[in-house]
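Here is a short report for a first look. The structure comes first, then the details.

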Amino acid sequence: MLVGHQPKDFLLAVEALTVSFDGFKAVNDLSLYVEENEIRVIIGPNGAGKTTVLDLICGKTKATSGSIQFRGQELTKLKENQIVQAGVGRKFQTPSVFEDLTVFENLEISYPRGRTVFGSLTFKRDAAVRERVEEVAEMVFLNDRLNVYADQLSHGQKQWLEIGMLLIQDPDLLMLDEPVAGMSVSERVKTAELLNRIIKDRSVLVIEHDMKFVEDIAHKVTVLHQGQILSEGSMEHVKNDPKVIEVYLGH
Amino acid sequence: MINSRFFNRSELIGFVTLAVLLFVILPLTIDIFRLNLVAKYLTYAFVGIGLVLCWGYGGILSLGQGVFFGLGGYCMAMYLKLEASSAANTKIQSTPGIPDFMDWNQITQLPLFWQPFHSFAFTILAIILVPAFFSFIIGAAMFKRRVGGVYFAIITQAIAAILTILIVGQQGYTGGINGITDLRTLNGWDIRTDHAKFILYFVEVICLFGCIVAAQFIRLTKLGRILVAMREQEDRVRFSGYSVANFKIFAFCAAAVFASIGGAMFTLEVGFMSPSFVGIVPSIEMVIYTAVGGRMSIFGAVYGSLLVNFAKTSLSESFPQLWLFGLGALFIAVVLAFPDGLSGIWRDYIQPRVDRLMSSRKSKSGNGWTDSSVADGAPAE
């Protein structure tokens, strides 16, 4: 690692990140540091730029200026698939799974092997793949649904499947955009339990509105407002910050 | 567990049925004139198989497959034309030994790009590599820039139009609007006789089955599943670590090569090649054959090409003006009422009945989720 002897080993260092859409700065001079094995939750009112930050990190949106360093690698210059290969996984807000494929096939596609055209032509579904798929399916409560086409899953199960697809990639940084949105209470509890299990040995960046859920999992909370950081720190600190109460929690 | 055999039961039945139909029933029951017509129809099945992969699976609608059909057809036609233009055959021309249309256009020397087509091996290679090369260039230019969907379809139309104009305009080099005609022999073997047409029919059907197996192979690999995944959730594929553009290029190239083989067979079966098989209208017709057959089904593409072309021949003889309207109406009707075409009708209405009749005791064990509602939304595994 490049920054071995500096005071902090940041896994992800976002610096002076700005993106403007036709002059509107959705993210404005944002700096954010995530440590190894840290669970960071980003909260903020609608339009604060939370999703845009994730889009920028995973390469979906190109930054106007600023830098994103992941393990010393500059992500702003990489393509989406290269960012994934560098070890960043992203879950979208609406569950995006492949509905015309089975749960097994969904997970298999995310298995990090045979990602080139010819690699995928010669890809063999061997024991290692099967084992890993079954293992992850078990983690995301879908082990008895492996041969079901994904369009038959409930909303919550689709969310889990997508989380499973990320897990099988084994990313070092996992980014989740509202993982419990639209879930029933029991699904929510299960998801929290799932997240608590999978966040070991990796860093997680989560966007969530459910404050109870945030309190349960967050190590540190970042509050975004109008593309900038309004407040950052422990949940306790953020909750009592008058600025945060003013724009977000007070409502 | 998930099916790992090359063909599942219903696909195997489909494969055997088609083989019996094309290898046995048709050659035994219809005369050589009709058989040659079937051979002509089947050349479009090659295009259809390519479109199943590219459009049905990958979701990339190309309205310019005529370009690749034409490239293959012209490669073959150039070879045959050179053979037909031997010095002895063309001694009345002012420049003997070059194709007749060149002579008519005051060209006195065989153009450089025609030279290698003296070689049969080169011609066969060119039939594969020329469309692969062009589709790669087009695909890379479009997909790397994330041009897709309807924009891509329109650009492929434009390319079809451009190629037609180019062929027509460069009459001295391409035979112009008439195309390359009066093809006679293949390596000294007269392709115009009934016997040759009979042999060529079987050669073509063997090639067709080669393409069916190749397409089935692609479909069953992980690449086939990535194509389906890409059609649905392009971003999810990208964020699973794949370069979506490369996979689209592959699908487009594969479709182009299949179309080109079909074009080359067309030239052999019909004995000429002209820009009227390259342009916008034939390209769209090819998509219609595939849509009617079912864009998710390799066998459907074959039946679609046969049936629509058969209808086209019979109807255009009786109602030449109405035929095109009929074709348009057919396309609209299929897309609206039966988006999965004939293969969808077979799968949803006929097959369940057949299955019920065949086996009331034979329960397909395993996962318990193979009821029809699952199969509906699914690509035929």
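Of the 381 residues of chain B, 42% are buried (20 or more other C-beta atoms lie within 10 Å of the residue's own, with C-beta atoms placed from the backbone). This is a predicted model, in which local features need pLDDT of at least 70, side-chain atom pairs count only at pLDDT 80 or more, and totals for chains, interfaces and linings use all residues. Residues are numbered from 1 along each chain as its sequence is written, while chains are lettered from A and ligands numbered from 1 in the order in which they are written.

Chain B holds 16 helices and two strands (DSSP runs numbered from the N terminus: H or I of at least four residues for helices, E of at least two for strands). Helix 3 of chain B covers residues 65-84.

Now the dimensions and scores.

| Item | Value |
|---|---|
| Box of chain B C-alpha atoms, along the principal axes | roughly 75 × 50 × 40 Å |
| Distance between end C-alpha atoms, helix 3 of chain B | 28 Å |
| Average pLDDT of chain B | 90 |
| ipTM of the complex | 0.88 |
| pTM of the complex | 0.90 |

Confidence is given by pLDDT (the predictor's confidence in each residue, from 0 to 100). In chain B, 93% of the residues score at least 70. Over residues 364-381 of chain B, pLDDT stays under 50. The model has 24 contacts beyond four places in sequence for residues 364-381 of chain B (a contact has C-beta atoms, placed from the backbone, within 7 Å).

Definitions and conventions
Buried ≥ 20, exposed ≤ 12 C-beta atoms within 10 Å, placed from the backbone. Contact = placed C-beta atoms within 7 Å. Expected span 1.5 Å × (residues − 1).
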